[in-house]
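I opened this notebook to record what I looked up in one structure.

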Amino acid sequence: QVQLVESGGGLVQPGGSLRLSCAASGRIVSIYTMGWFRQAPGKERELVASITRNGTSTYVDPVKGRFTISGDKTKNTVYLQMNSLKSEDTAVYYCNANIRREFWIASSTYWGQGTQVTVSS
């Protein structure tokens with residue numbers, strides 16, 4: 001089985017920074033994409049940023065210029081550096097990955113358990 005374990009959430013003041021980490025473990029043949037979603041109370045889960053295995057990254061407009069996604073292939077880990085945080089960034093952040101477990105099995109999407117990010121003074 002594959003597991004995604006997130007860390008790095010917490011409480012931060014507006015304008016502050018946090019760095020989220022997500023490590024994939026288990027039987028992994030290939031990781032095609034990894035990314036971060038978030039879900040605020042009363043809202044739908046939305047994509048924040050993603051990165052492909054060749055390093056191509058995408059961001060949702062509200063976080064462009066403030067958040068940076070990066071990956072470490074040697075550790076099967078993805079990071080989300082969040083700077084200039086705003087109150088509207090408050091949400092549970094979920095790690096997401098598209099992973100192939102065996103050569104003869106199609107890839108599947110996996111989710112982490114979520115980590116709370118609260119931006120408040």
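The entries below follow the order in which I looked things up.

Entry 1: I noted that the model is predicted. I then looked for an open sheet and found one of 4 strands in the order S1-S3-S8-S7, with antiparallel pairing. Its edge strands are S1 and S7, each of which pairs on one side only. On average, neighbouring strands of this sheet are turned by 15 degrees against each other, direction ignored. I recorded that strands of a sheet pair through backbone hydrogen bonds.

**Entry 2: S3 and S8.** S3 and S8 run antiparallel and are joined by 6 bridges. Leu18 has Met82 in S8 as its bridge partner.

**Entry 3: strand S11.** I asked in which sense S11 pairs with S2 and with S9. With S2 (residues 10-12), S11 pairs in the parallel sense over 3 bridges, and Val12 has Val119 as its partner. With S9, the pairing is antiparallel, over 3 bridges, and Tyr93 stands opposite Thr115. I also compared the faces of S11: Thr115, Val117 and Val119 form the covered face, whereas Gln116 and Thr118 form the uncovered one.

**Entry 4: the core.** I looked up the largest nonpolar core, which has 30 residues. Those with the most contacts inside it include Met34, Trp36, Met82 and Tyr93. Among the strands that each supply at least two residues are S1 (2-7), S4 (30-39) and S11 (115-119). S9 gives the most, with 5 residues.

**Entry 5: Met34.** Which residues does Met34 touch, leaving out those up to four places away in sequence? I listed several, including Leu4, Cys22, Ile51, Ile69, Val78 and Cys95.

Note on methods
Residues numbered from 1 in each chain as written. Predicted model: local features only at pLDDT ≥ 70, side-chain atom pairs only at ≥ 80, totals over all residues. Heavy atoms only, no water. Core = buried A, V, L, I, M, F, W, Y, C linked by side-chain atoms within 4.5 Å. Buried < 20%, exposed > 50% of the residue type's maximum accessible area, 1.4 Å probe, protein only. Contact = heavy atoms within 4.5 Å. Pairing = 2+ DSSP bridges. Axes fitted to C-alpha atoms, helices over the stretch in contact; angles between N-to-C directions.
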